[in-house]
Amino acid sequence: MLKRILIPFLVLFACFQSEAETTIQGNAFYYKGKIIELRKYLDLFTFESLVIDRATIPTDGNFKFKVNVKETGLYIIKIEKVHAHIYLEPGNDYTLVINEPIEEERFNPAKDVFVLPEIYESESKLNYHITEIEKVINQFLIDNSGYYGRSVNRAIRPLADSLTTLLDAQYGDHSNAFLREHLHYRLAMLQLQINQSKPKVYETYFEGRKPAYNHLSFANAFNLFYKEYLNYLNPKVEHRFLDSATSALEHNNFNDLYQCLDVDPFLKDKRHKELMLASQLYELGREQRYPLNTIVSMLDSIIMRAEDNPCKIIAANAEQALLKLAPGSEAPDFEFSDVSGNIYRLSEYRGRYIYIQIFDRFDAETLKEMSLMKVLKDGYGSDIAMFSISTTESRRSLRNFSNKYKFDWYFGKAMAPEDLTTDYEIRAFPSYFYLNKEMEIIVSPAPSPGSRIEKMFAKAWNQEHPNKTLLFKLQPPEVDDEETEP
C-alpha cells in the first residue's frame with residue numbers, strides 16, 4: 001500500500017498567517033439554501049485549496065465573511081460545483097453578485113463550473129484592472145486569429161509589441177505592486193502565445209527573478225514555458241539529454257535527473273529547476289506515464305531538498321493529490337440512506353469486495369448499465385457488495401425503480417452529495433469504483449458494467465473459491481494481464 005506523505009507544518013505556515021481583517025459580502029440568490037465556502041489556494045500549480053470560512057445561504061441570498069488576510073492572493077467562492085475567483089487584499093472590503101451559471105453549464109452537475117462574479121472593491125480596484133488586462137489581451141488574440149495556422153505568423157509580433165507598450169504605459173508604474181507583477185507575467189504568457197523565441201522570453205521575463213508563487217499569471221506563464229518538458233526532454237541546445245533523463249526516470253534516480261538538467265540554459269536558477277520538476281512530475285503522475293511510486297519518490301526528494309518552502313508545498317500537494325484514489329490508497333468513506341430511510345456507512349461493508357456506481361438520475365444510459373450490473377450481481381453477489389448511490393434521486397424513486405426492474409443490490413441516496421462527488425473526483429455520471437476487502441482502491445475509476453470489470457470480479461472470485469469453476473456471465477474478451485492488475 002502506498003504511504004501518504006504529510007507535511008502539515010508547511011501547509012500551516014502557508015495558510016494560517018494573518019494580519020488585516022477583510023470583508024467579503026454579497027448576494028447569491030440563485031443558490032439559497034446551499035453551502036457557500038470561502039477557500040484559499042494552497043498553491044497555484046496543483047490548485048489544492050483550504051476552507052477559510054463557510055455558511056448556509058439564507059432565503060434572501062445574502063452572505064458575509066470576515067477573514068484575516070496577510071498578503072494579496074487568489075481566493076475562491078465555492079457553492080457546490082460553482083466556483084467564483086476573487087483577488088483579496090488585506091483590509092479591503094468586497095461586495096459580490098454571483099449570477100446563475102449559463103444554462104448549458106447547469107446541466108453538468110458532476111463538473112466544476114466557473115462563473116465571473118460582479119465585484120465591487122472599496123480600494124485599489126485590483127480585480128477590475130486584472131479583468132481589464134485579460135479582456136484586452138484576449139480581444140487582441142481574437143482580432144489577430146488570422147495569424148494562426150499550423151504555426152504562428154511572425155507578422156503578429158510587432159502588433160503584440162505595440163500592445164505590450166500600451167499596457168506597460170497604462171499599468172507599468174501602477175502603485176499596486178501585485179498588479180505590476182501580474183502584468184509582467186501576463187505579458188510573458190502573451191509572448192509565448194505568439195510564439196516569441198524562448199531565449200528572448202526567458203531573458204525578458206524569467207531570468208534573475210524569484211518565482212512569484214502567489215501569482216496565477218506567473219504559474220500560467222511558467223507552465224506554458226516549460227510545457228510538457230519531461231515528456232520531450234530536449235531543450236533547444238546542442239546537448240540533448242533525452243537518454244540520460246529518461247533513464248533516470250525509469251530507474252527512479254532523482255540525483256541523475258537533477259544533474260542531467262544542468263545543460264539547459266533555461267534552468268540556470270536552482271529555484272526554477274526545482275519548480276519545473278515539481279510541476280512537471282505532477283503532470284507526469286496525472287498522465288500515469290511512469291509508475292506512481294517513482295513519481296512519489298521524486299516528489300519526496302523535492303520536498304526534502306527544495307530551496308523555497310512554496311516549492312516544497314507544491315510537491316507535497318502534488319503528492320497527496322496523486323495518491324488520492326490511487327490503487328492501494330484507502331477509499332473515502334461516506335454515509336448513505338437506503339430506500340427505507342436507514343443510514344449506513346460504506347465502511348460497514350469492510351470485509352467484502354465493493355463495486356460502487358455513483359449516479360445522478362435514472363436516465364436511459366444509467367438504466368442500461370444497471371441491467372448489466374444485475375447480471376454481475378447474479379454471478380458474483382455473494383463475494384462482491386454492489387452499490388448504486390444517487391446524488392439527487394429521492395428514496396421513493398430509488399425504491400420504485402429498483403423494484404420495477406428487480407435490481408436487488410444496495411441502492412442509496414448520498415447524505416452529503418457534494419462531499420461524495422468531491423471526494424471521489426466525479427467528472428461524469430455514472431462513475432464506478434472497485435475496492436478490496438480493506439476498502440482500498442483496486443481501480444479508480446473502474447470500468448463500467450461489462451466484460452472488463454467481470455474479469456476483475458472473476459479474479460476475486462477465483463481467490464475466494466480456488467477449486468470451483470466459474471462461468472463468465474458477460475463473456476469477457478481477451479484482455480492483457482496489466483489491465484486487471486490492482
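**Surface, helices and rings**

Mentor: The accessible surface of the protein is about 24,100 Å², and carbon and sulfur atoms hold 48% of that. Areas come from the Shrake-Rupley method with a 1.4 Å probe, and for residues only the protein chains shown count as cover. This is a predicted model: local features need pLDDT of at least 70, side-chain atom pairs count only at pLDDT 80 or more, and totals for chains, interfaces and linings use all residues. Residues are numbered from 1 along each chain as its sequence is written, and side-chain values use heavy atoms, with hydrogens and water left out.

Trainee: What share of the residues is buried?

Mentor: 49% of the 486 residues. Buried means under 20% relative accessible area (1.4 Å probe, protein chains only).

Trainee: And how many helices and strands?

Mentor: 18 helices and 16 strands. These are DSSP runs, numbered from the N terminus: H or I with at least four residues for helices, E with at least two for strands.

Trainee: Switching to packing. At what angle do α11 and α13 cross?

Mentor: Roughly 10 degrees, with the axes of α11 (residues 270-287) and α13 (residues 309-323) coming within 9 Å. That makes α11 roughly parallel to α13; the label covers angles under 35 degrees. Axes are lines fitted to C-alpha atoms, for helices over the stretch in contact, and angles run from 0 to 180 degrees between N-to-C directions.

Trainee: Which residues meet there?

Mentor: On α11, E274, L275, A278, Y282, G285 and R286. On α13, C311, I314, A315, A318, A321 and L322. Contact means heavy atoms within 4.5 Å. By class, nine residues are nonpolar, one is polar and two are charged.

Trainee: Now the rings. How many aromatic pairs turn up?

Mentor: 40 in the whole structure. Rings of Phe, Tyr and Trp (its six-membered ring) pair if their centres lie within 6.5 Å; planes over 60 degrees apart count as edge-to-face. F206 and F222 have centres 6.4 Å apart and planes at 75 degrees, so they are edge-to-face. F206 is in α6 (residues 198-206) and F222 in α7 (residues 216-225). Both F206 and F222 are buried.

Trainee: How far apart in the chain are Y380 and F457?

Mentor: 77 residues, with Y380 in α14 (residues 364-380) and F457 in α17 (residues 451-464). Their ring centres are 5.7 Å apart and the planes sit at 65 degrees, so this pair is edge-to-face. Y380 is buried at 1% relative accessible area, and F457 is buried at 0%.

Terms used. Parallel < 35°, antiparallel > 145°, perpendicular 65-115°, else oblique. Nonpolar A, V, L, I, M, F, W, Y, C, P; charged D, E, K, R; others polar. Buried < 20%, exposed > 50% of the residue type's maximum accessible area, 1.4 Å probe, protein only. Phe/Tyr/Trp six-rings, centres within 6.5 Å; stacked < 30°, edge-to-face > 60°.
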